[in-house]
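Here's a quick walk through a few local features of this structure. Have a look at the chain below before reading on.

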Amino acid sequence: YFAAKENNIDILNYLLSDQRIRLGPNSFKECEKLTEIKIPSFITKIEESLFEGCTKLSHVELPPSIKSI
């Protein structure tokens, strides 16, 4: 599972291009630099508290592949 605790958006974008990555609960928790995100199409589930504490997040684009939120 991926966790964006370090607020490094470049690493975040790189990791989200890897189809082996899975977004676990709290993956983006407290990622204060995150302002927008496009969830890749290979992700099928949005876990609990995924964006908790992302105070600057204003846009989330979800793919049709999402089966559970």
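## Around leucine 57

Skipping neighbours within four places in sequence, leucine 57 touches Leu34, Thr35, Glu36, Ile37 and Phe51, where contact means heavy atoms within 4.5 Å. Leucine 57 sits in the loop between β1 and β2; helices (H or I, at least four residues) and strands (E, at least two) are DSSP runs, numbered from the N terminus. With threonine 35, the C-alpha to C-alpha spacing is 3.9 Å, although 22 residues separate leucine 57 from it in sequence.

A word on the ground rules: this is a predicted model, so local features need pLDDT of at least 70 and side-chain atom pairs pLDDT 80 or more, while totals for chains, interfaces and linings use all residues. Residues are numbered from 1 along each chain as its sequence is written, and side-chain values use heavy atoms, with hydrogens and water left out.

## The salt bridge

There's 1 salt bridge in the structure, meaning a side-chain nitrogen of Lys or Arg within 4 Å of a carboxyl oxygen of Asp or Glu. Lysine 29 pairs with glutamate 52, and their closest N and O atoms are 3.9 Å apart. The pair links distant parts of the chain, 23 residues apart: lysine 29 is in the loop between α1 (9-15) and β1 (36-38), glutamate 52 in the loop between β1 and β2.

Lysine 29 is partly exposed at 26% relative accessibility, and glutamate 52 is partly exposed at 37%. Buried here is under 20% relative accessible area, exposed is over 50%, and partly exposed is in between (1.4 Å probe, protein chains only).

## Leucine 62

Leucine 62 lies in the segment after β2 (59-61). Its relative accessible area is 40%, so leucine 62 counts as partly exposed.
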